[in-house]
Amino acid sequence: MSAPPVAPPAVQPDPAPEPAPRARRRRSRRAGRIAVSVLLQVVAMAGIGLLVYPDAADWFARRDHNAEISGYVDNVEQTVSGERGALLDAAYAYNDQLQPGPLTDPYLAQSDPTQSETAVYQAYEQLLSVSGSDAIGTLSYPAVGITLPIYHGTSDETLGRGVGHLYGSSMPVGGPSTHAVLTSHSGLPQAKLFTPLLGAKVGDTFWISVLGEDHYYRVQSTETVLPGETESLAIVPGQDLVTLFTCAPIGVNSHRFMVHAVRIADPPADAEQVIAGDGLTAGFPWWAVWFVGGSLVVAVILFAPPRRKRR
């Protein structure tokens with residue numbers, strides 16, 4: 001007995017094509033959502049960039065400072081000892097001949113553009129200068145995290161790139177009856193510079209390196225004074241002093257914060273000490289990790305496909 005004929009499978013009709021206007025509206029909504037997501041991503045990255053900008057700018061500034069310090073140390077090492085001795089002797093002679101008098105607050109007085117053209121100031125700019133570097137020394141203050149090059153003068157450009165030596169004060173080579181005054185900006189968004197100086201405490205130790213010689217100082221006192229009050233910057237007969245100062249409070253700059261220090265004996269030769277310029281780094285760029293990581297998190301939230309609900 002033969003099997004009954006098998007009926008061919010029923011042919012399902014093709015689904016009706018989606019009306020063109022509806023498809024266009026769906027594509028338009030999808031494109032709109034993508035455009036909004038891209039805009040939100042850009043806004044989020046800009047916001048994260050603003051948050052990490054101070055750390056990023058300071059990281060690059062520290063790289064520049066460390067490169068300047070390392071270059072200065074290398075140039076000093078390449079300078080023959082006789083030339084280094086002559087430069088130091090000239091600085092000592094300058095300090096001996098310095099006429100004590102009132103010093104001018106560099107943040108208060110308008111700088112005289114013709115001052116740098118005078119023979120006296122040009123002679124000052126030659127003191128402690130080694131070939132290949134604008135720096136005349138380095139300042140290392142580990143307790144507050146300051147390691148910066150020192151330059152002649154207190155022009156705004158100088159104070160924005162490192163530590164400026166106040167013209168009219170003693171050269172920072174030490175010796176009895178000397179008082180070197182060093183200053184720098186604080187509160188700048190692109191570099192910390194002397195911002196950490198406001199954390200200085202009595203008893204802290206820092207040192208100044210000039211032409212391969214290190215001079216150590218201990219903080220005796222700190223004070224906050226009004227602009228123009230420079231009486232405490234005077235030379236004290238027989239004492240070897242250094243004052244570090246900057247504007248305060250941060251962002252207001254209505255006062256001056258001064259750190260007064262006195263020379264102390266050098267530490268023992270076997271004492272562990274950080275050498276300025278020796279292997280200095282700017283540290284790990286955590287700001288880049290925060291920027292990239294934050295941007296990726298926002299991208300995942302905005303662009304990840306939505307989960308389908310289980311039926």
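First, a term I need: I call a residue buried under 20% relative accessible area, exposed over 50%, and partly exposed in between (1.4 Å probe, protein chains only). Helices (H or I, at least four residues) and strands (E, at least two) are DSSP runs, numbered from the N terminus. I also note that this is a predicted model, where local features need pLDDT of at least 70 and side-chain atom pairs count only at pLDDT 80 or more, while totals for chains, interfaces and linings use all residues. Residues are numbered from 1 along each chain as its sequence is written, and side-chain values use heavy atoms, with hydrogens and water left out.

**Entry: strand β2**

I looked up β2, which spans residues 146–152, and found it mostly covered, with six of its seven residues buried. Next I checked its partners (two strands pair if DSSP finds at least two bridges between them). β1 and β2 run antiparallel and are joined by five bridges. Within that pairing, I see leucine 139 partnered with leucine 148 of β2. The hairpin of β1 and β2 has four residues between the strands, and there glycine 145 takes a positive phi near 75 degrees. With β3, β2 runs parallel, and I count three bridges. Histidine 152 has histidine 165 in β3 as its bridge partner.

**Entry: strand β8**

How many of the nine residues of β8 are buried? I get seven, so the strand is largely enclosed by the rest of the structure. β6 (residues 213–225) pairs with β8 in the antiparallel sense over eight bridges, and serine 221 stands opposite histidine 260 in β8. β7 and β8 are also antiparallel, over eight bridges. There I find phenylalanine 245 opposite methionine 258 in β8. The hairpin of β7 and β8 has six residues between the strands, and its glycine 251 takes a positive phi near 85 degrees.

**Entry: salt bridges**

My rule here is a side-chain nitrogen of Lys or Arg within 4 Å of a carboxyl oxygen of Asp or Glu. The count comes to three salt bridges.

Which residue does arginine 256 form a salt bridge with? I find aspartate 105, with the closest N and O atoms 2.9 Å apart. This pair links distant parts of the chain: arginine 256 sits in strand β8 (residues 255–263), and aspartate 105 in the loop between α2 (81–97) and α3 (119–126), 151 residues apart. Arginine 256 is buried, at 4% relative accessible area, and aspartate 105 counts as buried too, at 5%.

Aspartate 240 and arginine 263 make another salt bridge, its closest N and O atoms 2.9 Å apart. Here aspartate 240 belongs to strand β7 (residues 240–248) and arginine 263 to strand β8, 23 residues apart. Aspartate 240 is buried at 9% relative accessibility, whereas arginine 263 is partly exposed at 29%.

I also noted aspartate 134 with arginine 161, a salt bridge at 3.8 Å, N to O. Aspartate 134 lies in the loop between α3 and β1 (137–141) and arginine 161 in the loop between α4 (156–159) and β3 (163–165), so the pair ties together parts 27 residues apart in sequence. Arginine 161 is partly exposed at 30% relative accessibility.
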